[in-house]
Amino acid sequence: MLNYFFFQKGKQIVVLESSDVGKASQLIEHGYEKQFEEVSATNEKNALARFADIRRDNQIDRDNFLAGAGPMPLIGGLTAIAAYLVSKK
């Protein structure tokens with residue numbers, strides 16, 4: 001299996017083998033940004049599919065975190081009120 005890097009400019013994504021350093025430097029000169037993700041795959045198509053899966057999983061994790069982060073202060077406040085009321089008696 002080969003290692004692949006990803007470069008992105010806007011919505012356009014380019015897949016490169018890790019050994020293709022010359023092409024990578026050309027893409028950076030043209031305004032592409034190297035992405036953090038690196039994958040091992042049998043070909044570019046599979047590498048791009050894996051990259052999409054990683055991005056989708058990251059988005060799901062972020063959404064789930066934000067969904068839980070919103071109600072937590074409310075739950076904490078209600079717990080504090082309940083504890084106050086119970087200890088007051």
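Student: Is A67 buried or exposed?
Tutor: This is a predicted model, in which local features need pLDDT of at least 70, side-chain atom pairs count only at pLDDT 80 or more, and totals for chains, interfaces and linings use all residues. Residues are numbered from 1 along each chain as its sequence is written, and side-chain values use heavy atoms, with hydrogens and water left out. A67 is placed in helix α2; helices (H or I, at least four residues) and strands (E, at least two) are DSSP runs, numbered from the N terminus. Buried means under 20% relative accessible area, exposed over 50%, and partly exposed in between (1.4 Å probe, protein chains only); with a relative accessible area of 54%, A67 is therefore exposed.

Student: What distance does helix α2 reach from its first C-alpha to its last?
Tutor: Helix α2 covers residues 44–69, which makes 26 residues. The expected span is 1.5 Å times one less than the number of residues. The expectation is 38 Å, and the helix comes close to it with a reach of 37 Å.

Student: Which residue caps the N-terminal end of α2?
Tutor: The cap is a side-chain oxygen positioned 3.2 Å from the backbone nitrogen of K45. A polar contact is a pair of N or O atoms within 3.5 Å; within protein, one must be able to donate a hydrogen and the other to accept it, and residues adjacent in sequence count only if both atoms are side-chain atoms. The residue that supplies the oxygen is N43.

Student: Which strands are included in what covers the buried residues of α2?
Tutor: The buried residues of this helix are A47, F51 and I54. Contact here means heavy atoms within 4.5 Å. The cover includes the strands β1 (2–9), β2 (12–17) and β3 (33–41).

Student: Which residue of β3 is the bridge partner of Y4?
Tutor: Two strands pair if DSSP finds at least two bridges between them. β1 pairs with β2 in the antiparallel sense over six bridges, and Y4 stands opposite E17 in β2. β1 and β3 also pair in the antiparallel sense, over six bridges, and there the partner of Y4 is V39.

Student: Which residue in the turn between β1 and β2 has a positive phi?
Tutor: β1 and β2 form a hairpin with two residues between them. The phi in question is about 65 degrees, and the residue is G10.

Student: Why does Q8 count as buried?
Tutor: Q8 belongs to strand β1. Beyond residues up to four places away in sequence, Q8 touches I13, G31, Y32, E33, Q35 and R55, and its side chain makes a polar contact of 3.5 Å with the side chain of R55. Q8 counts as buried because its relative accessibility is 19%.

Student: What is the radius of gyration of the chain?
Tutor: The chain has three helices and three strands, in the order β-β-α-β-α-α from the N terminus. The radius is taken over C-alpha atoms, and the globule rule is 2.2 Å times the number of residues to the power 0.38. For 89 residues the rule gives 12 Å; the chain is well over that value, so it is more spread out than a compact globule, with a radius of gyration of 23 Å.

Student: What percentage of the residues of the chain count as buried?
Tutor: The C-alpha atoms fill a box of roughly 75 × 30 × 20 Å along the principal axes. Within the chain, the C-alpha atoms of A67 and E29, 38 residues apart in sequence, are separated by 39 Å. Of the 89 residues, the buried share is 20%.
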